[in-house]
Amino acid sequence: MIFGRSERGKPPVEPVTLKILVAGGFGVGKTTLVGAVSEIRPLRTEELLTEAGRPVDDTSGVEGKHTTTVAMDFGRITLREDLVLYLFGTPGQERFWFMWDELSEGALGAVVLADTRRLEDCFAAVDYFERRAIPFVVGVNCFEGAAQYPADAVRQALDLDGDVPVLLCDARDRESVKEVLIGVVQHAMEYAAGSRQAVGT
Ligand SMILES: Nc1nc2c(ncn2[C@@H]2O[C@H](COP(=O)(O)OP(=O)(O)O)[C@@H](O)[C@H]2O)c(=O)[nH]1
Ligand SMILES: [Mg+2]
């Protein structure tokens, strides 16, 4: 008996690729998060914080940070054999806002990373995604030494809609970051299903 190609083994799957943005304030752990999960060497463009940048880049509370991402972080993770995420870290500083519109083109959803010591630093990112109706989850990067707040306290402080997931995470930990990424994909799928219903298609 002769076996056909499909019977010998599963045909290779062409994976779905999705684009996810990673946003949040300066020094919140975006580069760390992308680096923790990426299967390819993350592409980053970091430059030494210069004296000139010091008054602009507030590093208080981010001790030991000497480089800053001027363009973006880029990484890739295969969540399942048929599902690949491309991660784009948005530049944290406000002087790079002009890049966000281009970066968010075609994005499925976003992770807004937050540090509870400087929660206000992610207000701008939350506003941005709310205004453009880009589904997002908030990932609270649990730095040691920072007070641990329940997810609901963070939700209230950020004045989030009830359906926005708030997930505690460690940006250095691959499994923890994967959970957050699965969270954003799920949330974006539900969000898309919800808006299809709303327009009656
Ligand atoms: N202790 C601790 N440090 C972290 C964590 N995430 C990031 N860092 C550190 O915080 C600093 C800023 O992180 P980075 O990823 O560069 O922030 P970005 O500006 O958002 O890209 C770096 O020195 C990281 O090593 C974390 O979860 N815990
Ligand atoms: Mg960075």
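Visitor: Which residues is N141 in contact with, leaving aside its neighbours within four places in sequence?

Guide: Contact means heavy atoms within 4.5 Å, and on that reading N141 is in contact with V28, G29, L113, A114, D115, C169, D170 and A171. This is a predicted model, in which local features need pLDDT of at least 70 and side-chain atom pairs count only at pLDDT 80 or more, while totals for chains, interfaces and linings use all residues. Residues are numbered from 1 along each chain as its sequence is written, chains are lettered from A and ligands numbered from 1 in the order in which they are written, and side-chain values use heavy atoms, with hydrogens and water left out.

Visitor: Is N141 buried or exposed?

Guide: Buried means under 20% relative accessible area, exposed over 50%, and partly exposed in between (1.4 Å probe, protein chains only); N141, at 7%, is buried.

Visitor: What does the side chain of N141 reach at 2.9 Å?

Guide: A polar contact is a pair of N or O atoms within 3.5 Å; within protein, one must be able to donate a hydrogen and the other to accept it, and residues adjacent in sequence count only if both atoms are side-chain atoms. Here the side chain of N141 reaches the backbone nitrogen of A171.

Visitor: Which side chains have an N or O atom 2.9 Å or 3.4 Å from a nitrogen atom of ligand 1?

Guide: For a nitrogen atom of ligand 1, the distance is 2.9 Å to the side chain of E144 and 3.4 Å to that of R172, whereas an oxygen atom of ligand 1 lies 3.3 Å from an N or O atom in the side chain of D170.
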